[in-house]
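I open a notebook on this structure and write down what I looked up, entry by entry.

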Amino acid sequence: MSGTARILLVDDEAAIQRSLVPLLQTHGYDVEVAGTGQAALKAAADRPPDLIVLDLGLPDLDGTEVCRRLREDSKVPIIILSARDRETDKVRALDLGADDFVTKPFGPEELLARMRVALRRVAADSGEASGLLQAGDLTIDYDRRRVVRGGSEIRLTPKEFELLSLLAKNHDRVLTHRAILKAVWGPNAVNQPEHLWALVAQLRKKIEPDPTAPRYLLSEPWVGYRFATSPPTS
Amino acid sequence: MGGTCRSDAEVAVSSSKLNRMPKWDDLARLAAGVGGVSAATLVYTRWLAASNATTVALTFLLIVLVVAATSRFWVAAVTSVAAMLQFNYFFLPPVGTWTIADPQNWVALFAFLAVSLVASNLADRAREQAREARARRDEVARLFDLSREVLLTTEGRDAIASLARSIARRFDLAYFAITLPRGMEWERFEAGPLAITLDTNQLSLAFAGAQGGLEFDARERTYSGHRTMTVAGQVVRLVPLRVGTKPIGLMAATGRPVEPGTLDALAAVVAIAIERASLLEDRKAAEVARRGEELKTALLASLGHDLRTPLTAIRVAASNLQNAGLAPELQREQSELILEEAERLGRLFENILEMARIDAGTVATDLRWTHPSEVVTAARGQVERLLRDHLIEVAVEPDTPVRIDPRLTASAIAHVLENAAQYAPARSTISVTASVTGEGLVVSVRDRGPGVAPADLPRLFERFYRGSTAQAHTSGTGMGLSIARGLLAAQHGRIWGENAAGGGAQFTLVVPAEAKELAS
């Protein structure tokens, strides 16, 4: 990554600001803090950050609304800070284009890892010509609709390839069940997650070295799936 | 049953005799009847000079019939005798004597008597039926009023007692009681002017009899197994109260006689009322349990946020401190943050504990002589860190010793101060005034914040309720004011909130207390 990444931290809790700012600074990030949704939107417009850490519970605007407005004219990675009792808000924010989430109370490593992945994805997207994705021993050739693992080609059905390429093009982001269903099966299928479960199971059998302990197609329980370019750190 | 018990029939018979006593009404009818006959005689002898006895006889018959139809039998009988005598004397040959020449005329005489007998009997029966119908209608009306009342009963023992009173009043009974078995004892709800004591053994015997099953009592036309017992010269009727066929208690009545059928209906209404009262009580218990559940849900939701933020901050700050490269002033700041957040968590737990104590009713008061100024100082001390951004103005006048629980009072004031600090802007003034009045210790806390929205005023002291507008701005848990109220209630004190005349919110706490005279 060239230069220091600029982070916009949006949270109204003084305690969170006071602990996260030194954390991010000591890890080499440039930090700007916004305590309200309006301030966040203004800061993002005035000085576009490389990544936004957004708390869903803001005093003036709903966090999901901030997310929606940010996405109107920016593709900047957004990481949601959410609480377990705001599950639906979290899923909505992801549907509206947020990239990932961390659930409070979280440890610093958790947040830092998610930020690294999100920033790397942006860097990778801008770097390559995007006809090809290389992750571990898996190569996905979008143009020729081919998937190769360890030198041998994997035969996928058209639906399987569609799902894999959707997740891979959005690698290292959480895609909600709803978003995937809508993209692969169409808007009428959003309430039929069983299609998705079945297809993911098939796909894992074909591409995962160990389908019982997935390395590429990771589940985010009750939220969605993500395609991980680097193996999950446990 | 014991020797004092006997059938109800005797009571009923003695009552109907009361109605057969001669009355002025009957005498008037008799006079009218005899007068009518005499007038007819006068008219026929003086002016019409009637020679045809049949015409006269028909006229007399008519009068006798009218009298019989409207009066009692003896009135009609006397009237017919009078008619017979006059007919004999004035119209039957030989006229002017009591002799009856033609035996055919005896027939006329007996016709009068027979007509009066039959007609008055028929009329009597019709009147009796009308009277019975009226009595039934009255009782039905009373029962109807009563059942309407039953529908309005609330739960609990008071409702049954008031039902007993209402029955005694409506049915005009000298004594009425609802008795319910409670283990070996009988719970009694008594009403009416007469004070008698029901024998427990007899109640138990009657109740055991009612449990034996239903038997048809042909004379009383009832299945329910009425019993009577004599207490202090009063014949008391016992009627089982049944839900379905299962007896749940007994009803005892004495005084005005009431039809057995009415008593049965009454017993059914009372049984329903008792059943309803106990159902309502169960429902209330369920309601309390449900509110408890609601409270837990609200508590969890509230704690969720209030625990997560300090925990996250503490975790991140602690990891920052492990970073060797952190500047010394940042290290200090991070450890400060940890201490503050730990304190915040501690306060949260204190609040939860205090609330649990208030809920369990285990807030013990410990009354001591203390100066109001000490209490205010202690309260400030408890929330010192939270108040450091505000200017606190304290006025205590007079600072006379009062006997209160200083710990609970200070804690309540601290919660109100914390509330003020949360809602009023930084660097604004919070005024605390304390005084000792006839009512006890009065403390008011006034801030220069946005005040309380009128819609929030009635709900201020509800647990977890947070002002609708201020909700987002402050870090309160919605527990403070509710705890303050609970702490004050434990000392029979009270608290209320209002908007001060010059803006801002003002909370007033009153703790009843005795005060020492300044002189002493």
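This is a predicted model: local features need pLDDT of at least 70, side-chain atom pairs count only at pLDDT 80 or more; totals for chains, interfaces and linings use all residues.

Entry 1, terms. I take axes as lines fitted to C-alpha atoms, for helices over the stretch in contact, with angles from 0 to 180 degrees between N-to-C directions. Helices (H or I, at least four residues) and strands (E, at least two) are DSSP runs, numbered from the N terminus.

Residues are numbered from 1 along each chain as its sequence is written, while chains are lettered from A and ligands numbered from 1 in the order in which they are written. The scores I found are ipTM 0.76 and pTM 0.55. I also looked up pLDDT, the predictor's confidence in each residue, from 0 to 100. Chain B has an average of 80, and 87% of the residues score at least 70. Residues 1-20 of chain B have a pLDDT below 50, and I count 20 contacts for this stretch in the model beyond near neighbours in sequence.

At what angle do helix 7 and helix 8 of chain A cross? I find roughly 85° between the axes of helix 7 (residues 177-185) and helix 8 (residues 193-207), which come within 10 Å. Helix 7 of chain A is therefore roughly perpendicular to helix 8 of chain A (65 to 115 degrees; under 35 is roughly parallel, over 145 roughly antiparallel, the rest oblique). Two residues are in contact if their C-beta atoms, placed from the backbone, lie within 7 Å. On the helix 7 side I list H177(A), I180(A), L181(A) and W185(A), which meet P193(A), H195(A) and L196(A) of helix 8. By class this contact has 5 nonpolar, 2 polar and no charged residues. Nonpolar covers Ala, Val, Leu, Ile, Met, Phe, Trp, Tyr, Cys and Pro, charged covers Asp, Glu, Lys and Arg, and the others, Gly among them, are polar.

I see an open antiparallel sheet of 3 strands in the order 10-12-11. Strand 10 (174-176) and strand 11 (217-220) of chain A are the edge strands, each pairing on one side only. Two strands pair if DSSP finds at least two bridges between them. Strand 10 of chain A is joined to strand 12 (residues 224-227) by 3 bridges, and L175(A) has Y225(A) as its bridge partner.

Entry 5, a sheet in chain B. Here 5 strands form an open antiparallel sheet, ordered 2-1-5-4-3. Strand 2 (185-191) and strand 3 (227-231) of chain B have a single partner strand each, so one side of each lacks a neighbour in the sheet. Between strand 4 (residues 234-243) and strand 5 (residues 246-255) of chain B I find 7 bridges; in one of them V239(B) is partnered by M251(B). Helix 7 (residues 200-211) of chain B lies across strands 1, 2, 3, 4 and 5 of chain B, at about 130° to strand 5.

I find 23 residues of chain B in contact with 17 residues of chain A. Helix 8 (260-322) and helix 9 (328-360) of chain B each supply at least two residues of that side of chain B. Helix 8 of chain B gives the most, with 14 residues. The classes on this side of chain B are 10 nonpolar, 10 polar and 3 charged.
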